[in-house]
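Morning, everyone. Today I want to talk about pockets. Here is the protein.

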Amino acid sequence: MPMLNDPSVKYRPFPQIDLPDRQWPSKTITAPPRWLSTDLRDGNQALIDPMDGEKKRRFFDLLVKIGVKEIEVGFPASGATDFDFIRGLVDGGKIPDDVVIQALTQARRDLIETTFASMAGAPRAIVHLYNAISPAWRKIVFQMDEAGVIDIAKQGADMLMEQAAKYPETDWQFEYSPETFSTAEIDLSIATCEAVIAIVGPTPEKPLILNLPATVEAATPNIYADQIEYFCRHISCRDSVVISLHTHNDRGTGVAASELGLLAGADRVEGCLFGNGERTGNVDLVTLGLNMYTQGVHPGLDFSDIEQIKSTVEYCNDLPVHPRHPYAGELVFTAFSGSHQDAIKKGFAAQDVRNDELWEVPYLPLDPNDIGTSYEAVIRVNSQSGKGGVAWVLEQDQGLKLPKRLQAHFSLVVQELADETSRELDADDIWHAFQKRYGLTGEQRFELVDYEETRVGADRIFTGTIVHKGEERSVSGRGNGLISSVLAALRDEWGIQLDVVNYNEHAIGHGSDAQAAAYLECTDASGATVFGVGVSRDVATASVRAVLSAAAEAG
């Protein structure tokens with residue numbers, strides 16, 4: 001069936017929240033929230049092949065390593081795999097002292113009893129109770145009125161208190177979710193949570209977690225933020241409840257909704273690494289955390305080795321992280337466009353000489369080194385690449401700092417090669433092309449065997465042996481410097497006329513292994529521009545080789 005010409009006959013815009021004096025738009029995030037990972041529950045149940053015990057344990061260890069302090073370890077009433085995994089953590093003493101485990105349950109007695117039994121004996125544990133309350137669920141799924149869904153929540157809360165008393169060795173904490181909060185009437189959400197508060201009796205020292213999920217993301221993030229701010233203003237004993245967010249990504253704005261929800265007063269965020277979850281996924285904790293980091297706020301989570309984190313998640317979930325995924329994708333710190341590459345190259349150069357530690361590199365909101373990504377991967381080359389990207393690769397891999405006009409000259413060579421091969425070029429491709437084009441291999445037209453330089457008054461005399469087309473010749477020339485004397489020798493011996501336009505040189509490396517690179521820009525007898533490059537352990541020999549390189553191009 002085709003898309004409707006008038007979708008308003010089938011879909012209604014989500015209603016606004018009456019909050020004319022909203023405060024969240026003027027707030028900023030200045031500290032990280034409490035984080036809860038739902039990878040082992042919400043992320044796990046979204047997999048085609050759910051994780052087995054070994055993968056669950058590997059994922060749990062990863063979460064602990066990066067600093068997650070609250071981990072929802074499963075839905076123990078769903079089956080033996082989750083129950084046994086949780087009991088293994090508890091009985092095996094695998095839960096660090098600073099980590100709290102959590103398990104989810106619906107408001108049913110048998111499920112609640114199983115949930116408590118799975119975590120009994122843990123030093124601390126959170127039991128997460130939920131029931132859906134929004135109109136579609138009340139009418140279609142439960143055929144129940146508002147009072148009915150409030151009663152379900154109250155009965156569940158009574159069972160929480162009853163079961164906690166059976167296992168006094170564990171410090172039990174409680175979380176309640178009015179599931180489908182994002183599509184429910186806001187005042188009904190508050191009334192349902194107030195009913196649970198009345199039974200649990202939270203205090204500032206032992207607060208109740210109230211999770212306000214965007215179970216289905218049905219509106220723009222600003223409306224979710226309004227819902228959160230309205231809820232925070234109207235719930236009683238605000239100092240005795242922790243407001244938690246659990247955003248889904250149905251509209252593709254789960255991260256934005258969580259960020260605005262934090263501005264609106266929330267204290268805690270639930271989600272998955274890289275946003276795994278049912279349908280279009282949960283909020284991505286990696287993106288959310290590193291977004292804070294780029295604003296100068298440490299998220300309290302350690303993403304220093306993003307590649308190891310990514311590989312572990314991909315193994316456990318058997319799902320790839322998209323190449324364009326924020327911060328972690330294979331291509332997020334790359335640039336193929338020539339203008340982008342040039343800007344990035346200049347940004348890195350400026351960063352190296354600035355005294356200011358503040359990061360300021362065009363197109364890169366984050367220093368890749370902070371999350372363990374190599375600078376060598378920043379710029380990659382294909383037929384769309386410009387001189388800046390090509391020059392960057394040669395500088396990073398070979399230490400060559402090409403003058404701008406030589407960059408432009410060689411970039412045409414690279415573009416031709418990329419068009420010819422119809423693929424991305426790696427550093428080896430570029431280096432081989434550079435060597436071939438400017439005579440740095442043993443195949444050059446003019447090859448220097450040896451030479452000496454002598455002074456006669458103000459002049460220099462070059463006397464050397466050069467191989468040309470397989471024939472070794474002794475040549476000499478006279479000029480006011482070494483380069484001009486080599487040019488004179490080429491003119492006298494082979495009739496090659498070159499006029500120097502520009503000359504550059506620099507060192508490659510440091511210490512006893514350092515080399516010199518020389519670059520020559522000339523015009524030949526026809527007025528065409530030619531370039532030469534020479535590399536040697538001493539700058540004089542590098543200059544001679546640069547002249548011979550230019551002569552090979554001119555001839």
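Which helix gives the largest share of the lining of the largest pocket? Helix α5, residues 135–142, with 4 residues. Helices here are DSSP runs of H or I, at least four residues, strands are E runs of at least two, and both are numbered from the N terminus.

A word on the source. This is a predicted model: local features need pLDDT of at least 70, side-chain atom pairs count only at pLDDT 80 or more, and totals for chains, interfaces and linings use all residues. Residues are numbered from 1 along each chain as its sequence is written, and side-chain values use heavy atoms, without hydrogens or water.

Back to that pocket. Its space is about 670 Å³, a volume filled by probe spheres set on grid points joined across faces, edges and corners. A pocket is an open set of points on a 1 Å grid over the protein atoms alone, where a 1.4 Å probe fits, with protein on both sides within 12 Å along at least five of seven lines; lining residues have an atom within 4 Å of a point. The largest pocket has 22 of them, and Arg-12, Phe-14, Pro-15, Thr-183 and Ala-218 are the closest to its centre.

Now the second largest pocket. It holds about 340 Å³. Sixteen residues line it, with Arg-41, Asp-42, Gln-45, Glu-179 and Thr-215 closest to the centre. At least two lining residues come from each of α1 (42–45), β4 (124–132), β5 (171–179) and β6 (208–214).
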